[in-house]
Amino acid sequence: MITFIGIAVCILLCALLIREQHRAIAALLTLGGVCLLFGTAAAEIRTVADRVQQLTADVPSAAEYIKLMLKVLAITLLTQLVSNLCRDHGESALAGVTELCAKAVVIVLVLPVFETVITIVSGLMQ
């Protein structure tokens, strides 16, 4: 965790120093820093992937739901990243629309789960 914080603070300081003279270079530095942070997090992501695989093998009936949860998680994380980048560069309207579109996609993905829950509940009530 300290590694992530250290990398982020270094990139932030460099970007702030460079931003006044070269906005484009500061933006590229920030984007490169994000890629570096993702690369650093790859080992942690691999641990999570192994655990999810084990969970899926232990409970095969839950595989579809686990896959859905991971899709939703990926959408939310990527959306937050993109909307933060948009806001950092003064495009708050674009960030808001990006978040709104992601919410719509998540609702569409989760709709079958709602249908399943409603079917189960109505079956229990009868």
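Q: Which residue meets the side chain of Arg-46 in a salt bridge?
A: This is a predicted model, in which local features need pLDDT of at least 70 and side-chain atom pairs count only at pLDDT 80 or more, while totals for chains, interfaces and linings use all residues. Residues are numbered from 1 along each chain as its sequence is written, and side-chain values use heavy atoms, with hydrogens and water left out. A salt bridge here is a side-chain nitrogen of Lys or Arg within 4 Å of a carboxyl oxygen of Asp or Glu. At 3.1 Å from N to O, the partner of Arg-46 is Asp-50.

Q: In which helix do Arg-46 and Asp-50 both lie?
A: Helices (H or I, at least four residues) and strands (E, at least two) are taken as DSSP runs and numbered from the N terminus. The two residues are four residues apart, about one turn of the helix, and both belong to residues 42–58, which is helix H3.

Q: Are Arg-46 and Asp-50 buried, exposed or partly exposed?
A: Buried means under 20% relative accessible area, exposed means over 50%, and partly exposed lies in between (1.4 Å probe, protein chains only). Arg-46 has a relative accessible area of 48%, and Asp-50 has one of 37%.

Q: How many salt bridges does a search of the whole structure find?
A: Side chains of opposite charge can pair when their charged atoms come close. The search of the whole structure gives a total of two.

Q: Which residues does Ser-83 touch, not counting residues up to four places away in sequence?
A: Ser-83 is found in helix H4 and counts as buried, because its relative accessibility is 1%. A polar atom of its side chain lies 3.1 Å from the backbone oxygen of Gln-80. With contact meaning heavy atoms within 4.5 Å, the residues that Ser-83 touches are Ala-95 and Glu-99.

Q: Which residues are in contact with Thr-79, leaving aside its neighbours within four places in sequence?
A: Thr-79 is also found in helix H4, and at 12% relative accessibility this residue counts as buried. The backbone oxygen of Ile-75 lies 2.6 Å from a polar atom of the Thr-79 side chain. Beyond its sequence neighbours, Thr-79 is in contact with Thr-98, Glu-99 and Ala-102.

Q: Within what arc do the buried residues of H2 fall, seen down its axis?
A: The buried residues of H2 are Ala-26, Thr-30, Gly-33 and Val-34, and what covers them includes helix H1 (2–19) and H4. On the other side of H2, Ala-24, Leu-28 and Cys-35 are exposed. The arc is that of the directions from the helix axis to the C-beta atoms, and the buried residues of H2 line one face of the helix because they fall within 100 degrees.

Q: Within what arc do the buried residues of H1 fall, seen down its axis?
A: In H1, the residues Ile-7, Ile-11 and Ala-15 are buried, and H2 is included in what covers them. Ile-2 and Leu-17, on the other side of H1, are exposed. The buried residues of H1 line one face of the helix, because their arc is within 60 degrees.

Q: In which helix is confidence highest?
A: Confidence is given as pLDDT, the predictor's confidence in each residue, from 0 to 100. The mean pLDDT of the protein chain is 88, and 99% of its residues reach 70 or more. Confidence is lowest in H3, at a mean of 84, whereas the highest mean, 91, belongs to H5.

Key: Polar contact = N/O pair within 3.5 Å; in protein donor to acceptor, adjacent residues only side chain to side chain.
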